[in-house]
Structures are given as structure tokens and as C-alpha cells.
Amino acid sequence: MATIPIAQRLADIERQGQALGRRIERMESDRDFLVDSILNRPWAQVEAQRRLVREWEEEIDRMRLDLQFLRDEWKRLSDIHNKRDKSLKNQTV
């Protein structure tokens, strides 16, 4: 089984985090648009739109938890990477 270098894993986490951040922004924008349309236009089935808003809010909350996990993992790996670099520098001096 091949190992992934920490620097590569950090870059992967950054890309995943950026993509997740963009997805969260898009979902929030869509949710805000739906809420605005519910408030400003008469709907025959308002409950269906409210349920959709709740589902989107739950999905946004899950994505925020995923993003926080990525941040925590990035910090953990970054600390390991920095300690490893520091110890290598100390050995060559």
C-alpha cells in the first residue's frame, strides 16, 4: 500500500475544503432565494417550500461539519509536517 506524502495530503484537503466552501455558498444562496420567493410570492403549497428550506439548512449544516473536519485534519497534518521540517533542519545544522 502506497503512502501519500503529507504535503500532497494537505494540498488535497485544501482543494476539498475550497470546493466544499463553494458548495456551501451556493446552497446558502439558493436557500436565501427560496426564502425570499416564499415571502414575496403567494404559493399554493407553502409547506413544501418550507420543508425544502429545512432540508437545505440541514444539508448546509452537514457540509459545515465536514468543512470543520477538513480544517481540523489540515491543522493536524500541518503540525506534523512543520515538526518534521523543523527536526530535519536541526539535524543538518
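**Figure 1. Contacts of Ile13 in the predicted model.** Ile13 touches Leu70, Glu73, Trp74 and Leu77, not counting residues up to four places away in sequence. The model shown here is predicted.

Figure 2. In soluble globular proteins, nonpolar side chains tend to be buried together.

Figure 3. Arg9 is found in helix α1. Its relative accessibility is 26%, so Arg9 counts as partly exposed. The cut-offs matter here: buried means under 20% and exposed means over 50%. Leaving out residues up to four places away in sequence, Arg9 touches Ile4, Gln16 and Leu77. Arg9 and Trp74 lie 65 residues apart in sequence. In space, their C-alpha atoms are 8.4 Å apart.

**Figure 4. Surroundings of Arg31.** Helix α1 also contains Arg31. The relative accessible area of Arg31 is 16%, so this residue is buried. Neighbours within four places in sequence aside, Arg31 is in contact with Val53, Trp56, Glu57 and Ile60.

Figure 5. The protein has two helices and zero strands. Its radius of gyration is 21 Å, well over the 12 Å that the globule rule gives for 93 residues, so the protein is more spread out than a compact globule. The C-alpha trace spans about 75 × 30 × 15 Å along its principal axes. Among contacts with a separation of 6 or more, 72% come from residues 24 or more positions apart.

Figure 6. Of the 93 residues, 24% count as buried. The protein exposes about 7500 Å². Carbon and sulfur atoms supply 53% of that area. There are 19 positive and 18 negative side chains. The centres of the two sets lie 4 Å apart.

Note on methods
Residues are numbered from 1 along each chain as its sequence is written. This is a predicted model: local features need pLDDT of at least 70, side-chain atom pairs count only at pLDDT 80 or more; totals for chains, interfaces and linings use all residues. Side-chain values use heavy atoms; hydrogens and water are left out. Contact means heavy atoms within 4.5 Å. Helices (H or I, at least four residues) and strands (E, at least two) are DSSP runs, numbered from the N terminus. The radius of gyration is taken over C-alpha atoms; the globule rule is 2.2 Å times the number of residues to the power 0.38. Buried means under 20% relative accessible area, exposed over 50%, partly exposed in between (1.4 Å probe, protein chains only). Accessible areas come from the Shrake-Rupley method with a 1.4 Å probe; for residues, only the protein chains shown count as cover. Lys and Arg count as positive and Asp and Glu as negative; His and the chain ends are not counted. The place of a charge is taken as NZ of Lys, CZ of Arg, CG of Asp or CD of Glu.
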